[in-house]
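Here is a short briefing on one protein model. Keep the sequence and the structure open while you read.

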Amino acid sequence: MYISITGLKPKNFLSKIKFWILAIPSFRAAQKADGNLFCEVKEVNGYKHTLTAWKDRHYMMEFIYGITHSKAMKEFNLIATGSTYGFESNEIPSWEEALDLWKTNYKEY
């Protein structure tokens, strides 16, 4: 499996509105995407986190370059800061494990 952990923080109030306008359709698309095995969100310290598991990296990349997610990515630098961490695994990490991994490997965009 390919695991992806994302943590994004909107820059301000107006950015937060734009973030949700883009994030909700993107999250719904991820839930329905081919190869998606797991998809959850959680907010911690102002960061909107996603934890997703995919059959393999190829399926995740298809989703990333799909219409809905690409639209959100084009706006990212204007509305948020944050980081994504991905890796191969035989199991889906708990949220606690995922957030620890994300913090350890954080590289702000």
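T84 sits in strand β4, which covers residues 80-88. T84 and H49 are 35 residues apart along the chain, and their C-alpha atoms are separated by 9.2 Å. Note that this is a predicted model.

**Overall build**

- The protein chain holds four helices and four strands.
- Read from the N terminus, the order of elements is β-α-β-β-α-α-β-α.
- The C-alpha trace spans about 40 × 30 × 20 Å along its principal axes.
- The radius of gyration is 13 Å for the protein chain, and this agrees with the value near 13 Å for a compact globule of 109 residues.
- Of the 109 residues, 40% count as buried.

**Salt bridge**

- How many salt bridges does a search of the whole structure find? The search finds one.
- The partners are K48 and E43, with their closest N and O atoms 2.9 Å apart.
- That separation counts as a salt bridge because the cut-off is within 4 Å.
- Side chains of opposite charge can pair when their charged atoms come close.
- Is K48 buried or exposed? K48 counts as buried, because its relative accessibility of 9% is under 20%.

**The loop between β2 and β3**

- N45 lies in the loop that links β2 (36-44) to β3 (47-54).
- Phi of N45 is positive, near 55 degrees, and N45 is a residue other than glycine.
- N45 counts as exposed, because its relative accessibility of 66% is over 50%.

**Nonpolar surface patch**

- Four residues form a nonpolar patch on the surface: F13, L14, I17 and I21.
- Together they have about 460 Å² of accessible area.
- F13 belongs to helix α1, residues 13-32.
- F13 counts as exposed, because its relative accessibility of 61% is over 50%.

**Negative surface patch**

- Which residues form the negative surface patch? They are D34, D56, E62 and E88.
- E62 is in helix α2, which runs over residues 57-64.
- E62 has a relative accessible area of 44%, so E62 is partly exposed.
- D56 lies in the loop between β3 and α2.
- D56 counts as partly exposed, because its relative accessibility of 31% is between 20% and 50%.

**Distances along the chain and in space**

- D56 and T68 are twelve residues apart in sequence, and their C-alpha atoms are 20 Å apart in space.
- E108 and G82 are 26 residues apart in sequence, and 5.1 Å apart in space, C-alpha to C-alpha.
- Where is E108 placed? E108 is in the segment after α4 (95-104).
- E108 is partly exposed, because its relative accessible area of 48% lies between 20% and 50%.

Terms used
Residues are numbered from 1 along each chain as its sequence is written. This is a predicted model: local features need pLDDT of at least 70, side-chain atom pairs count only at pLDDT 80 or more; totals for chains, interfaces and linings use all residues. Side-chain values use heavy atoms; hydrogens and water are left out. Patches are made of residues with over 30% relative accessible area and no salt bridge: like charges are joined within 9 Å, nonpolar side chains (Val, Leu, Ile, Met, Phe, Trp, Tyr) within 5 Å. Accessible areas come from the Shrake-Rupley method with a 1.4 Å probe; for residues, only the protein chains shown count as cover. A salt bridge is a side-chain nitrogen of Lys or Arg within 4 Å of a carboxyl oxygen of Asp or Glu. Lys and Arg count as positive and Asp and Glu as negative; His and the chain ends are not counted. The place of a charge is taken as NZ of Lys, CZ of Arg, CG of Asp or CD of Glu. Helices (H or I, at least four residues) and strands (E, at least two) are DSSP runs, numbered from the N terminus. Buried means under 20% relative accessible area, exposed over 50%, partly exposed in between (1.4 Å probe, protein chains only). The radius of gyration is taken over C-alpha atoms; the globule rule is 2.2 Å times the number of residues to the power 0.38.
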